[in-house]
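Could you walk me through this model in the viewer? I'd like to know what to select at each stop and what I'll find there.

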Amino acid sequence: MPEQTEYVGEKGFIVITYTGKVTIEEVREATAKAIVIQKEKQTYQVVIDTSDMTAGPSITEMWALVESYPKIGAPRQTRLAAVRPKAPDKKDLTGFFEVMCQNRCYNAKGFSTREAAEEWLRSDGKA
């Protein structure tokens, strides 16, 4: 399965991990799961790990997803730490995702490693 969404209790945040080729339907499903977990666990910190993703949704599909965040119930206080894919891909949307989220008042930031992403979440956004 190309996506896994889980709550990591000892760290206090949600991790969405994508591997291989990922479709927009899988991203929507993971997003919906994460929103349910956010409300259940009262956590707003999310790591989106695409380091092992080889292909993903288009720019248009990602724009539409982020645009839909308020309608699908994504809490405004959500902090999204996105880890860039390791495989070189001219279509890496991490920077675009970061800007799209920020333009819609969601706190998002892109990182090269999962460790850096987790450190930023633990720092409460001060890094």
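**Starting in helix 1**

Select Thr 31 to begin, a residue of helix 1, which covers residues 24-41. Keep in mind as you go that this is a predicted model. Is Thr 31 buried or exposed? At 10% relative accessibility it counts as buried, since the cut-off for that label is under 20%. Now show what surrounds it: skipping neighbours within four places in sequence, Thr 31 is in contact with Leu 65, Tyr 69 and Ile 72.

**Helix 2 against helix 3**

Next, colour helix 2 (residues 59-72) and helix 3 (residues 94-103). Two packed helices are described by the angle between their axes and the distance between the axes. Here the axes come within 10 Å and cross at roughly 30 degrees. That makes helix 2 roughly parallel to helix 3, because angles under 35 degrees get that label. Turn the view and you'll find the crossing is right-handed.

Which residues meet here? On the helix 2 side, pick Ile 59, Met 62, Trp 63, Val 66 and Tyr 69; on the helix 3 side, pick Phe 96, Phe 97, Met 100 and Cys 101. Sort the residues of this contact by type and you get nine nonpolar, no polar and no charged.

**Two aromatic pairs**

How many aromatic pairs does a search of the whole structure find? There are two. A pair of aromatic rings is described by the distance of the centres and the angle of the planes.

Ala 82 is buried, with a relative accessible area of 6%. Beyond its neighbours within four places in sequence, Ala 82 is in contact with Ile 48, Thr 94, Phe 97, Lys 109, Gly 110 and Phe 111.

**Out to strand 1**

Now jump to Gln 4 in strand 1 (residues 3-8). Gln 4 is partly exposed, with a relative accessible area of 43%. Not counting residues up to four places away in sequence, Gln 4 touches Val 15, Ile 16 and Thr 17.

**Last stop: two positive phi angles**

Most residues other than glycine have a negative phi. Select Gln 42, in the loop between helix 1 and strand 3 (45-55): its phi is positive, about 55 degrees, although it is not a glycine. Gln 42 counts as exposed, at 53% relative accessibility.

Finish with Cys 105, in the loop between helix 3 and strand 5. Cys 105 has a positive phi of about 70 degrees, and it is not a glycine either. At 57% relative accessibility, Cys 105 counts as exposed.

Key:
Residues are numbered from 1 along each chain as its sequence is written. This is a predicted model: local features need pLDDT of at least 70, side-chain atom pairs count only at pLDDT 80 or more; totals for chains, interfaces and linings use all residues. Side-chain values use heavy atoms; hydrogens and water are left out. Axes are lines fitted to C-alpha atoms, for helices over the stretch in contact, and angles run from 0 to 180 degrees between N-to-C directions. Helices (H or I, at least four residues) and strands (E, at least two) are DSSP runs, numbered from the N terminus. Angles under 35 degrees count as roughly parallel, over 145 as roughly antiparallel, 65 to 115 as roughly perpendicular and the rest as oblique. A crossing is left-handed if the near helix is turned anticlockwise from the far one by less than a right angle, and right-handed if clockwise. Contact means heavy atoms within 4.5 Å. Ala, Val, Leu, Ile, Met, Phe, Trp, Tyr, Cys and Pro count as nonpolar, Asp, Glu, Lys and Arg as charged, and the others, Gly among them, as polar. Rings of Phe, Tyr and Trp (its six-membered ring) pair if their centres lie within 6.5 Å; planes under 30 degrees apart count as stacked, over 60 as edge-to-face and the rest as tilted. Buried means under 20% relative accessible area, exposed over 50%, partly exposed in between (1.4 Å probe, protein chains only).
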